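The notes follow the order in which I consulted the structure.

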Amino acid sequence: MSSGKLFVISGASGVGKGTVLSRVMEVREDLKFSVSATTRPPRPSEVDGVHYYFISMEKFQEMVEKDEFLEYDLHAKAGYGTPLRQLEEKLRTWNVVLDIEPMGAKIVKQKRPDAVLIFIMPPSVEELERRLWGRGDTSDEQIALRMERAKWEMDQRDWYDYTVVNDDLDRCVEEVLKIIAEKAD
Ligand code: 5GP
């Protein structure tokens, strides 16, 4: 039986979710990150088992077949999934946050209706594209794909429980912390 609260954070890549989440988790030591599995290669700063479990497509498909994901999705030419057992274990003791995209978030909401869904919006589409270029670790083709995806993702925000705009990092972190305090405490 799980006792922690489940939070889901979504928002296009480049919106600053990672920074918001690490700031939030510095304050909320009871909030743990659910490490997803992905078939995409690691970025230079990413550590296996910390940011993601970097796995082969073969292993990903095996996990899908064995029903080992709470949810999974294939996008940007890669597979991404939430390993169920790891999540259940964390939820026994902690509140847990998933950083997943809207298709996955929708499935989580269906399977766990008491999950709290938060959508992080960029100040504008132009600013999002600028941030993606600034990151310098993604190809032109990947950026075009991600921008297309970002526009679709932003259209999904209506069915989230909360939308928070990341125009100012401190304010955005405060707002997310307030939601977590309301729902978890
Ligand atoms: P990135 O490749 O930039 O780390 O992540 C791309 C997108 O995949 C982000 O929107 C992120 O939230 C999403 N994502 C990461 N892990 C998962 C997961 O386990 N399931 C789903 N559905 N999406 C994920």
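I first looked up the pairing of β8 and β9 in this predicted model. The two strands pair in the parallel sense, over 4 bridges. Within this pairing, I found F119 opposite T163 of β9.

I then turned to β1, which covers residues 6–10. It is joined to β8 by 4 bridges, and these strands also run parallel. Here V8 stands opposite L117 of β8.

Next I asked how many residues of β8 are buried. For this strand, residues 116–121, I noted 6 of the 6 as buried, so β8 is largely enclosed by the rest of the structure.

I also checked which way the side chains of β8 point. In a regular strand, side chains alternate between the two faces of the sheet. In β8, V116, I118 and I120 point one way, while L117, F119 and M121 point the other way. Residues of both sets are buried.

My last entry concerns N166, which I located in the loop between β9 (162–165) and α7 (169–184). Is N166 buried or exposed? I recorded a relative accessible area of 6%; the cut-off for buried is under 20%, so N166 is buried.

I listed the contacts of N166, leaving aside neighbours within four places in sequence. Among them are I120 and M121, together with V15, G16 and C172. For V15, I noted that the backbone oxygen lies 2.8 Å from a polar atom of the N166 side chain.

Conventions. Residues numbered from 1 in each chain as written. Predicted model: local features only at pLDDT ≥ 70, side-chain atom pairs only at ≥ 80, totals over all residues. Heavy atoms only, no water. Buried < 20%, exposed > 50% of the residue type's maximum accessible area, 1.4 Å probe, protein only. Polar contact = N/O pair within 3.5 Å; in protein donor to acceptor, adjacent residues only side chain to side chain. Contact = heavy atoms within 4.5 Å. Pairing = 2+ DSSP bridges.
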